[in-house]
Amino acid sequence: MSVTNEYDLDCATCGSALTKREVAAKALGFTAPGEVEIAECSECGGRYFPDATLRRLST
Ligand SMILES: [Zn+2]
């Protein structure tokens, strides 16, 4: 059984590798304080939210 996470995936739009980034939650339109981790495509700018980030933002 292998362990994978969002950062190992390729961009669903252009197929490029995703890069882990920390951005302010407020910059994403959430009211949660501090920064959250997202996976961002360096080619097209597509953003993907890891499950842990979604859980944090939903609380
Ligand atoms: Zn992309």
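These legends walk you through several close-up views of one predicted model.

Residues are numbered from 1 along each chain as its sequence is written, and side-chain values use heavy atoms, with hydrogens and water left out. Because this is a predicted model, local features need pLDDT of at least 70 and side-chain atom pairs count only at pLDDT 80 or more, while totals for chains, interfaces and linings use all residues.

**View 1**
Start by finding the 1 helix and 3 strands of the protein chain. Helices (H or I, at least four residues) and strands (E, at least two) are DSSP runs, numbered from the N terminus. Of the 59 residues in the protein chain, 29% are buried. Here, buried means under 20% relative accessible area, exposed means over 50%, and partly exposed lies in between, using a 1.4 Å probe and protein chains only. Contact means heavy atoms within 4.5 Å. Among contacts with a separation of 6 or more, 29% come from residues 24 or more positions apart.

**View 1. Three strands form an open sheet in the order E1-E2-E3.**
The pairing in this sheet is antiparallel. Two strands pair if DSSP finds at least two bridges between them. E1 and E2 are joined by 7 bridges, and E2 and E3 by 2 bridges. What are the edge strands? They are strand E1 (18–24) and strand E3 (47–48), each of which pairs on one side only. Strand E2 is largely enclosed by the rest of the structure, because 5 of its 7 residues are buried. In a regular strand the side chains alternate between the two faces of the sheet.

**View 2. Partners across the strands can be picked out one by one.**
Glu22 has Glu37 in E2 as its bridge partner. Val23 stands opposite Val36, which also belongs to E2. On the E3 side, Ala39 has Tyr48 as its bridge partner. Look next at the hairpin of E2 and E3, which has 5 residues between the strands: there, Gly45 takes a positive phi near 85°.

**View 3. A zinc ion is held by Cys11, Cys14, Cys41 and Cys44.**
Each of these residues coordinates the zinc ion through its SG atom, at 2.3 Å. Donors are N, O and S atoms within 2.8 Å of the metal (3.2 Å for Na, K and Ca); water is not among the atoms, so sites may look incomplete. Along the chain, the donors follow the spacing C-x2-C-x26-C-x2-C. Why is the arrangement called tetrahedral? The 4 donor atoms subtend angles of 98 to 122° around the zinc ion, which makes it so. Four donors count as tetrahedral if all angles lie between 85 and 135 degrees. Is Cys41 buried or exposed? Cys41 is buried, with a relative accessible area of 2%, whereas Cys44 is partly exposed at 41%.

**View 4. Glu40 sits in strand E2 (residues 35–41).**
Glu40 is buried, with a relative accessible area of 14%. Its side chain makes a polar contact of 2.7 Å with the side chain of Arg21. A polar contact is a pair of N or O atoms within 3.5 Å; within protein, one must be able to donate a hydrogen and the other to accept it, and residues adjacent in sequence count only if both atoms are side-chain atoms. Leaving out residues up to four places away in sequence, Glu40 touches several others, including Ala17, Leu18 and Thr19.

Thr19 is partly exposed, at 39% relative accessibility. Apart from neighbours within four places in sequence, Thr19 is in contact with Ile38, Ala39 and Glu40. Thr19 and Ile38 are 19 residues apart along the chain, with 8.2 Å between their C-alpha atoms.

**View 5. The largest nonpolar core has 7 residues.**
They are Val23, Ala25, Leu28, Ala32, Val36, Ile38 and Leu57. A nonpolar core is a set of buried Ala, Val, Leu, Ile, Met, Phe, Trp, Tyr and Cys residues joined through side-chain atoms within 4.5 Å. Apart from this core lies another, of 5 residues, among them Tyr7, Cys11, Leu18 and Cys41.

Note on methods
Four donors count as tetrahedral if all angles lie between 85 and 135 degrees; four count as square planar and six as octahedral if opposite donors are over 155 degrees apart and all others between 65 and 115; anything else is irregular.
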